[in-house]
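I opened a new model today and kept notes as I went.

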Amino acid sequence: MRVTRDVVRDLLPAYFSGEASADTRAAVDEFFSAEPELAELWRREWSAHPRATVPLPPPDLEIATLRRARRVLGLERWLLGAAILFSSVGFTVRFDVPASGEVVSRFLFLDRPLELISLLGVAAALWVAYFAVRRRTRSTVI
């Protein structure tokens, strides 16, 4: 296969950064030996403007990111469930059947208003936490 000028131009970043394989380096060196003027021009250009290489991420970055995302999404589910629970418990109904045989229903917030206030306070805190986590998970960066 004949290596063209465009192919060599595409291989230059890997060649000059030292990341090219032995076969790629041999193909570029062969092209440079055939066209020494062009090789010298490209060498001067690459030495005058060194390209920054991007460091590779750690090998376990993907699995760590996946685990973190699953943990945050699980927290979001638990906060939603707890917020709904504490919001609704204050409005439960208690049924009593006294000796007269008549069924009496009472709302918790009528019998115990201080407990209702504390339950709704916890519910409010859980809702704030839920929406904070939800906002965090809906952004581009977790």
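**Aromatic cluster.** I started with the ring pairs that link Trp127, Tyr130 and Phe131 into a cluster. The model is a predicted one, so I read each value below as computed. Trp127 and Tyr130 pair edge-to-face, with 6.0 Å from centre to centre. Their planes stand at 85 degrees; edge-to-face needs over 60.

I then asked how far apart Trp127 and Tyr130 sit in helix α6. They are 3 residues apart, which means about one helical turn separates them.

Next I checked cover. Is Tyr130 buried or exposed? Tyr130 has 7% relative accessibility, so it counts as buried. Trp127 comes out at 26%, so it counts as partly exposed. The cut-off for buried is under 20%.

**Other ring pairs.** I counted aromatic pairs over the model and got 4. One of them is Phe31 with Phe32. Their ring centres lie 6.5 Å apart and their planes meet at 55 degrees, so I logged the pair as tilted. Phe31 and Phe32 are both buried.

**Thr137.** I went back to helix α6, which covers residues 113–138, and picked Thr137. Its relative accessible area is 12%, so Thr137 is buried. Which residues does Thr137 touch, leaving out those up to four places away in sequence? I found Val72, Leu73 and Glu76.

**Fold order.** I listed the secondary structure of the protein chain: 6 helices and 2 strands. From the N terminus the order reads α-α-α-α-β-β-α-α.

**Overall shape.** I compared the radius of gyration with the globule rule. The protein chain has 34 Å, whereas a compact globule of 142 residues would have a value near 14 Å. The C-alpha trace spans about 110 × 30 × 20 Å along its principal axes.

**Surface and charge.** The accessible surface of the protein chain comes to about 10900 Å². Carbon and sulfur atoms hold 62% of that surface. Last, I counted charged side chains: 19 positive and 17 negative. The centres of the two sets lie 8 Å apart.

Notes: Residues are numbered from 1 along each chain as its sequence is written. This is a predicted model: local features need pLDDT of at least 70, side-chain atom pairs count only at pLDDT 80 or more; totals for chains, interfaces and linings use all residues. Side-chain values use heavy atoms; hydrogens and water are left out. Helices (H or I, at least four residues) and strands (E, at least two) are DSSP runs, numbered from the N terminus. The radius of gyration is taken over C-alpha atoms; the globule rule is 2.2 Å times the number of residues to the power 0.38. Accessible areas come from the Shrake-Rupley method with a 1.4 Å probe; for residues, only the protein chains shown count as cover. Lys and Arg count as positive and Asp and Glu as negative; His and the chain ends are not counted. The place of a charge is taken as NZ of Lys, CZ of Arg, CG of Asp or CD of Glu. Buried means under 20% relative accessible area, exposed over 50%, partly exposed in between (1.4 Å probe, protein chains only). Contact means heavy atoms within 4.5 Å. Rings of Phe, Tyr and Trp (its six-membered ring) pair if their centres lie within 6.5 Å; planes under 30 degrees apart count as stacked, over 60 as edge-to-face and the rest as tilted.
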